[in-house]
Amino acid sequence: MSTPDIAGILDKSKELDQLRKDQEDVLVEINKMHKKLQATPEVVEKPGDSSLSKLKNLYAHAKELSENEVNVSNSLLVQLDALLPSGPQGQPRRRIEGEPKRKRMKSDSEIPRIPPALRNQLEACASLKGEQVAARVTPEDADKDEWFVVKVIHFDKDAREFEVLDEEPGDDEEGSGQRKYKLPMSAIIPFPKRNEPSPTLDFPTGRHVLAVYPGTTALYKATVVNGHRKVTILSI
């Protein structure tokens, strides 16, 4: 193994460390924006406000850093594979009779790492088990969206998919029992938690929201015409 080879691996390791530090910094900024929007959601309605644009840029930057981390990790694996011997060199160590075979342990570079921002998002999704959420049960390319209030049964972190239950299916649906759906993360909107400081939010007039049909679990898209009534609705 030559000195230039070692130097190349060390350089890539430093680059990987810097990418992870950058991801932590971006995550801090994202959390700051989340707290700001939770505290003053009406700020996005003000002319010239760029809060949502900044948040989108932060998420785009986090995604770029995550992809760069994967590329650098793959590059390190290639460098290490090139340096490792393909077969035994010299006199192989003779195994003592009766000595158990040692299992090869995975190195840190072989264990897949999840970016901090994504890891926190997956944990938040997993914490929704047993909670009621709003769910779009139609495909993204459907002509018409259908939203229902459903209960989260399970969240698969590997597949990044929710399994939900419609506890009160409509009379016009096939079958009389409860219906289950498997949906992507993008199809789920959590309701405000009961222990949050303000589970009911004031939405300004003109805001597009999801509202519940009286006496059903069906949701429909609506526009706020009276922002002073305190009701639990979801912004879209």
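**Entry 1: a hairpin to start**

I began at the turn between S2 and S3: these strands form a hairpin with 4 residues between them, and Arg160 in that turn has a positive phi of about 55 degrees. My labels for helices (H or I, at least four residues) and strands (E, at least two) are DSSP runs, numbered from the N terminus. This is a predicted model, and local features need pLDDT of at least 70, side-chain atom pairs count only at pLDDT 80 or more, while totals for chains, interfaces and linings use all residues. Residues are numbered from 1 along each chain as its sequence is written, and side-chain values use heavy atoms, with hydrogens and water left out.

**Entry 2: the overall layout**

I counted 3 helices and 8 strands in the protein. Reading from the N terminus, I get α-α-α-β-β-β-β-β-β-β-β. Of the 236 residues, 28% are buried; I call a residue buried under 20% relative accessible area, exposed over 50%, and partly exposed in between (1.4 Å probe, protein chains only). I also looked up the accessible surface, which comes to about 17100 Å², with 51% of it belonging to carbon and sulfur atoms. Those areas come from the Shrake-Rupley method with a 1.4 Å probe, and for residues only the protein chains shown count as cover. Among contacts (heavy atoms within 4.5 Å), I took those with a separation of 6 or more: residues 24 or more positions apart account for 54% of them.

**Entry 3: strand pairing**

S2 and S3 run antiparallel and are joined by 5 bridges. I count two strands as paired if DSSP finds at least two bridges between them. One of the partners I noted is Val164 in S3, which is bridged to Val152. S3 then goes on to S4, again antiparallel, with 6 bridges. There, Asp166 has Arg179 in S4 as its bridge partner.

**Entry 4: the cores**

Which residues touch the most other members of the largest nonpolar core? I found Phe162, Val164, Leu183 and Ile188, out of 19 residues in that core. Helix H3 (116-126), S1, S2, strand S3 (161-166) and strand S4 (179-184) each supply at least two residues, and S2 gives the most, with 4 residues. By nonpolar core I mean a set of buried Ala, Val, Leu, Ile, Met, Phe, Trp, Tyr and Cys residues joined through side-chain atoms within 4.5 Å. A background note for myself: in soluble globular proteins, nonpolar side chains tend to be buried together.

I then checked Val164 on its own. Not counting residues up to four places away in sequence, Val164 touches Val150, Lys151, Val152, Ile153, Arg179, Lys180, Tyr181, Leu183 and Ile188. There is also a second, separate core of 14 residues, and Leu19, Val26, Met33 and Leu58 are among its members.

**Entry 5: Val149 and Thr217**

Val149 sits in strand S2 and is buried, at 10% relative accessible area. Leaving out residues up to four places away in sequence, I list Gln132, Val133, Asp166, Phe191, Val212, Thr217 and Leu219 as its contacts. I looked up Glu168 too: Val149 and Glu168 are 19 residues apart in sequence and 9.0 Å apart in space, C-alpha to C-alpha.

Is Thr217 buried or exposed? Thr217 is buried, at 13%, and lies in the loop between strand S6 (208-212) and S7.

**Entry 6: salt bridges**

How many salt bridges does a search of the whole structure find? It finds 6, where a salt bridge is a side-chain nitrogen of Lys or Arg within 4 Å of a carboxyl oxygen of Asp or Glu.

- Arg20 pairs with Glu69, the closest N and O atoms being 3.2 Å apart. Arg20 is in helix H1 (residues 3-39) and Glu69 in helix H2 (residues 51-83), 49 residues apart. Arg20 is partly exposed at 23%, whereas Glu69 is buried at 5%.
- Glu29 and Lys32 meet at 3.6 Å, N to O. Both lie in helix H1, 3 residues apart, about one turn of the helix. Glu29 is partly exposed, with 37% relative accessibility.
- Lys221 and Asp145 meet at 3.4 Å, N to O. Lys221 is in strand S7 (residues 218-223) and Asp145 in the loop between strand S1 (132-136) and strand S2 (147-156), 76 residues apart. Lys221 is exposed at 54%, while Asp145 is partly exposed at 32%.
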